[in-house]
Amino acid sequence: MAEKFYITTPIYYVNARPHIGHAYTTIVCDAIARRQRMLGKDTFFLTGTDEHGVHVERAAIAAGVPAQQWADEVSAAFRRLWDRLGLTYDKFIRTTDEEHKRGVQEMFRRLRDRGFIYKGQYTGQYCVFDELYVDSAGPGAPCPECGRPTETVSEENYYFKLSAFEDQLLRHYQQNPQFIRPESRRNEVMSFVRSGLRDLSISRSTFKWGVPVPDDPGHVIYVWLDALSNYCTALGFGSPHKADQERFAKYWPADVHMIGKEIVRFHCVYWPAFLMAAGLELPGSIIAHGWLLFEQSKMSKSRGNIVRAETIVDTLGADALRYFLLREIVFGQDGSFSFDALVQRYNSDLANDLGNLASRTLTMIGRYFSGGVPAAASQARTEADDNIAATARHAIGEFNRWFADFQFSRALEAAWSLVSAVNRYIVENQPWVLDEKGDEASRARLATVLYTSAEALRIVTALLHPVLPEATRRMWAQIGLNDIQRVGPQDLAWGQLQPGTQTGKVEPVFPRADKSAVERMQTMEEQGRGSSQEKSLATAAGSSGATAQPSASQPGNTTPSNKSTAATDGKISIDDFAKVELRVGQVKVAEKVQNADKLLRLEVDIGTEVRQVVAGIAEAYTPESLLGRKVVIVANLAPRKLRGLESNGMIVAASVGEQGRPVLCGFLEDVPVGARLK
Ligand code: MSP
């Protein structure tokens, strides 16, 4: 029976549309899953969406739609994108699936029945954004995870005895060096656990959008216990059906949980402790990768610096995005995305190196041998041919070694060492000159050179299949072969290309991208903010548009205006005024913008979401003085970029004195965040 392999992505929150940061994790897992299948493993690849919690509930309320409807729309957007990218997940789980909810309740019951859950009272600080209790902080103190101000709450909760697992966890980390990777993350986790673990609150009674605690429906289960359990429930954990139980028994424990570095603690401390308490086996490896940065900071919705995968797929194809992410980013570290770098990599590695190797080899076989792969003539063999075979063997070994170690960039370098060697070999052996000579010895040599090139092309095509599935499928067919997805390790041995194989029609697999590609993608990104996908999410979020990306606070510009609707006497109607969406916001993050004396970058909570706004108020206000302050924001302005940062709204201020000093608008009485000004 084939060995099993189970790999998971995090399940993505449904409060943001998918961007290439989410695509990065999912593509990495897809490449690994494809390679495992090629190695003959019985592979299960899981992804999905995380749909409960207070953020989602709030977004849905603000949008005036039921939470389920909201979750349905955003979850579908993720799934559509994964399908468009051709990702080969075996299951897409949603935490609102009935089977999942049943499984989470079963997990809770198990922890309770085994004596690891008790009821207690909590009064203290809570970070709504991270769904985290911050025991050590006083009122209004920032969350240690995200820096946003915490809220004071008092509730009766169920607690999980996390503190009971300190020693067991440390022992597990020590005995299983591969459990947390890379090493730097393992060290962080170990010192966190060594510093002492407190019991963890695992229920909430302040909101309803979650899985009810069994036998106590006034409480919902903590979102992270709910979300982490997906890795088990997706296989059938908690199901009464035999087939589900068998699937769970077959694939659990996971071999790889792939995650971004910001959710290491949840996966490497809480999750193994839950599993230990439930008497379930622990996953093999939890692998934390770095962040994809755009314009120097983590790509994320609240920063407004996201890039959509659709833009790249439309312009260069899904394989170009896959190749870039795996080749350019050193896995485990943060890496920058830019359209320039993407196009440069695409042109140099794919269009030039690999694309040329394929088209010149196959074109010459077409021209000199009527499209039939020639047989290498043993009397015409030279050391150069043997060197190519040896280079291929070495490249396969290196590729496999690095890939298995999650060093994708190095694995691809190894594959490219073969591509470059064959391109050099072709130039040095000059098949076109051999053809012109036309004598028998030259003809034999020509056949050998082209067989060697085609065989190397076949091997590199098979090797790259997990990374470039669509392009290699086409290249495989052009070589004249069938079913690349059935290729296994045994097919990589040198010399298996059968002479006489009839090559297919040669078509460029990676047409060169011209300079305008960068501009085109940048424009698509700008326009994408008004695209149909974006609009449908924005509609679901209400008039403020939870996913819309509106504009900057303009330095010195203190009141909203709407020229197009102004009446001739300078007055506007009440309807025109109603078009301006003014809302109460609260400053959660404030920092100076580098090399801009007047600008501050703010993250402002407007009730439904946290918006990034760039405001020209740095000369009048220090960042610290703004933290926690309530402000008025024009929430439906079109987006604008200032110093490369996207600004999604405008802060309202009076303009005072000749210098136009900004004085922020505020209220004498307390007003709730998100309230609309009318
Ligand atoms: N719902 C939780 C995870 C629960 S798993 C049981 C969550 N969701 S998330 O939508 O915020 O997605 C987080 C994951 O998306 C990251 O861990 C990472 O895998 C991926 N990424 C999101 N933005 C990213 C970047 N800018 N760069 C790299 N990965 C990114 O946390």
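Me: How far is an oxygen atom of the ligand from an N or O atom in the side chain of Glu 262?

Reply: A polar contact is a pair of N or O atoms within 3.5 Å; within protein, one must be able to donate a hydrogen and the other to accept it, and residues adjacent in sequence count only if both atoms are side-chain atoms. Here the distance for Glu 262 is 2.8 Å. The protein covers 94% of the 670 Å² of accessible area that the ligand has on its own (Shrake-Rupley method, 1.4 Å probe; for residues, only the protein chains shown count as cover). This is a predicted model, in which local features need pLDDT of at least 70, side-chain atom pairs count only at pLDDT 80 or more, and totals for chains, interfaces and linings use all residues. Residues are numbered from 1 along each chain as its sequence is written, and side-chain values use heavy atoms, with hydrogens and water left out.

Me: How many residues surround the ligand, and how do they divide?

Reply: A residue is near a molecule or strand if one of its heavy atoms lies within 4 Å of it. The ligand is surrounded by 24 residues, with Asp 50 and Leu 292 among the closest. They comprise 12 nonpolar, 9 polar and 3 charged residues (nonpolar: Ala, Val, Leu, Ile, Met, Phe, Trp, Tyr, Cys and Pro; charged: Asp, Glu, Lys and Arg; polar: the others, Gly among them).

Me: How is strand 14 covered on its faces?

Reply: In a regular strand the side chains alternate between the two faces of the sheet. Strands (E, at least two residues) and helices (H or I, at least four) are DSSP runs, numbered from the N terminus. In strand 14, Ser 285, Ile 287 and His 289 on one side and Ile 286 and Ala 288 on the other are all buried (under 20% relative accessible area, 1.4 Å probe, protein chains only).

Me: Which strands does strand 14 pair with?

Reply: Two strands pair if DSSP finds at least two bridges between them. Strand 8 runs parallel to strand 14 with 2 bridges, and strand 13 is also parallel to strand 14, with 5 bridges.

Terms used. Buried < 20%, exposed > 50% of the residue type's maximum accessible area, 1.4 Å probe, protein only.
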